[in-house]
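Here are some friendly notes to read with the model open beside you. Please take the points in order and find each residue as you go.

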Amino acid sequence: RAAAENMAYTLYRTAHSTFVKETEDFTVMLMDPAGLTVAVPMDLGATWYPGIDYGRAIALVEGGYKPGDIAMTNDPYSGFLATHAPDLHCWKPIFHEGELVAFAGGHIHNTDMGGAVPASLSRSLTEIHQEGIRFPPMKLYDEGVLDERLLSIMMLNVRKPAQNLGDLQALVGALNTGERKVHGMLQKFGIDTFRRGLGGL
């Protein structure tokens, strides 16, 4: 939980939008290698995510996972993570001596994802296509290299690209914080104790 709290503070303090900084419409978590959430913060963000399963979305990313990868989706129908298109979920695999041992993950509510109305939210919308651009599970970072084309497609389709980019960078920072904290736990407790701990949680 302490690691998840650190992730939350990283996101909260470095995000740009009102949705994240004031309404705290975000969450972060640590997951086991199968994508089951094992730790979430209790003081910041949406705290109802214990037990959420990222496994279906994780499996939809092509090519497997390598150190430095970060995947994303905002499509509610691809892995059933997002509740609507403005919710962007990201996850990062964490490796120890070449073995996938955990994931760091989280979501932010974007200020806008394009679509029929500003903020992509309206009671008048009748189908998901009106909520803006959707991304199926795919890699945003491939071995630490940002997919600039993917990012440019997102920025072209939203009304507040600077806020989207700032919040996305804050979420990436939170995932990196989670990875760093997991490595600290592995160094302190060892891989066997860490695995047993995830299983217990």
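**Notes on salt bridges and a helix pair**

1. Seven salt bridges are counted here, a salt bridge being a side-chain nitrogen of Lys or Arg within 4 Å of a carboxyl oxygen of Asp or Glu. Side chains of opposite charge can pair when their charged atoms come close. Keep in mind that this is a predicted model, in which local features need pLDDT of at least 70 and side-chain atom pairs count only at pLDDT 80 or more, while totals for chains, interfaces and linings use all residues. Residues are numbered from 1 along each chain as its sequence is written, and side-chain values use heavy atoms, leaving out hydrogens and water.

2. Start with Arg134 and Asp75, which form a salt bridge whose closest N and O atoms are 3.0 Å apart. Arg134 sits in the loop between strand E5 (99–109) and strand E6 (138–142), and Asp75 in the loop between strand E3 (70–73) and strand E4 (87–96), so this pair ties together parts 59 residues apart in sequence. Helices (H or I, at least four residues) and strands (E, at least two) are DSSP runs, numbered from the N terminus. Asp75 is buried, at 9% relative accessible area, whereas Arg134 is partly exposed, at 28%. Here buried means under 20% relative accessible area, exposed over 50%, and partly exposed in between (1.4 Å probe, protein chains only).

3. Next, find Lys92 and Glu179: their salt bridge has its closest N and O atoms 2.8 Å apart. The pair links distant parts of the chain, with Lys92 in strand E4 and Glu179 in helix H5 (residues 161–189), 87 residues apart. Are these two partners buried or exposed? Lys92 is buried, with a relative accessible area of 7%, and Glu179 is buried too, with 17%.

4. Glu99 pairs with Arg195 in a salt bridge, the closest N and O atoms being 2.8 Å apart. Glu99 belongs to strand E5 and Arg195 to helix H6 (residues 191–200), so parts 96 residues apart in sequence are tied together. Salt bridges that share partners join Glu99, Asp192 and Arg195 into one network.

5. The contact (heavy atoms within 4.5 Å) between H4 and H5 is made by Leu151, Met154 and Met155 of H4 and Pro161, Asn164, Leu165 and Leu168 of H5. These residues divide into six nonpolar, one polar and no charged; Ala, Val, Leu, Ile, Met, Phe, Trp, Tyr, Cys and Pro count as nonpolar, Asp, Glu, Lys and Arg as charged, and the others, Gly among them, as polar.
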